[in-house]
Amino acid sequence: MRARAMRTAVAALVAVAGLAGCGGGDDPAPGGTGDGRVTGTVTVFAAASLTESFTRIGRDFEAAHPGSTVTFNFAGSSALANQINQGAPADVFASAAPRNMTAVTEAGNADGTPGTFARNQLVIAVPRGNPAGVNGLADLTRPGVKVALCADQVPCGAAARTALDAAGVALTPATLEQDVKGALAKVKLGEVDAALVYRTDARAATADVTGVEFPESARAVNDYPIVALKDAPNPAGARAFVAYVRSAPAQAVLAEAGFQAP
């Protein structure tokens with residue numbers, strides 16, 4: 001009888017262990033629930049030129065996924081890529097140019113293949129009323145005209161250099177900024193007469209600046225790629241946010257801001 005009781009106890013322990021093992025396989029991934037809902041914080045590293053659009057898209061994502069919170073780190077794409085490759089915790093990276101995205105993918109920090117979700121084009125931002133009379137790139141070289149550019153390693157700086165080269169314009173800027181918002185701020189503050197910025201940034205600041213279109217900008221259109229990150233703290237949230245950015249509602253927000261379709 002004692003042997004039978006021992007066998008019964010052992011069998012019971014094995015059954016409990018088996019049930020625990022099965023239950024563990026059904027545990028949801030961080031940021032997800034058993035019914036497929038997305039919860040928790042989704043941390044998005046995004047190019048500075050996406051500030052207004054992604055802030056709105058983030059609110060819309062939260063509304064579509066109750067229990068989720070989207071936080072953003074907006075900066076120059078090159079700086080964001082460096083932060084990610086140095087181990088900064090993030091779920092999603094949205095870059096203003098493929099080159100900076102490549103730095104992340106080649107370091108093995110992307111989860112999947114990045115996809116282009118928008119495109120953007122440069123304009124010349126000038127103060128309201130255009131007091132310096134800037135109507136094209138050649139006007140930026142006139143004596144006394146101060147110009148702000150993004151640094152070359154930043155996507156808006158690389159695009160500006162491509163456009164200037166296409167126009168055959170040699171320009172010495174008064175200042176080099178680390179992201180497009182920095183260049184635009186110089187115009188708003190009256191520290192420069194003009195800056196090469198994205199069309200979307202000029203449109204978002206129409207109370208202070210006017211965007212002057214120029215034909216050479218068509219030679220320097222930037223593709224914006226997005227990807228979930230390999231070590232995302234919230235992988236389910238990361239995948240959901242990337243999918244949402246590509247959805248019709250988010251694409252409508254981007255189009256309203258002046259981004260071009262991918």
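Tutor: Here is a look at the pair α2 and α9, with some words on the chain around them.

This is a predicted model, so to speak of local features we need pLDDT of at least 70, and side-chain atom pairs count only at pLDDT 80 or more, while totals for chains, interfaces and linings use all residues. Residues are numbered from 1 along each chain as its sequence is written, and side-chain values use heavy atoms, with hydrogens and water left out.

The chain has 9 helices and 10 strands (DSSP runs numbered from the N terminus: H or I of at least four residues for helices, E of at least two for strands). Of its 262 residues, 45% are buried (under 20% relative accessible area, 1.4 Å probe, protein chains only).

Now the pair: helix α2 (residues 51-64) and helix α9 (residues 248-257) have axes that come within 10 Å and cross at roughly 155° (lines fitted to C-alpha atoms over the stretch in contact, with angles from 0 to 180 degrees between N-to-C directions). That makes α2 roughly antiparallel to α9, the word used for angles over 145 degrees. On the α2 side, the contact (heavy atoms within 4.5 Å) uses Ser53, Phe54, Arg56, Ile57 and Asp60; α9 brings Ala250, Val253, Leu254, Glu256 and Ala257. By class, that gives 6 nonpolar, 1 polar and 3 charged residues (Ala, Val, Leu, Ile, Met, Phe, Trp, Tyr, Cys and Pro are nonpolar, Asp, Glu, Lys and Arg charged, and the others, Gly among them, polar).

Technical notes: Parallel < 35°, antiparallel > 145°, perpendicular 65-115°, else oblique. Buried < 20%, exposed > 50% of the residue type's maximum accessible area, 1.4 Å probe, protein only.
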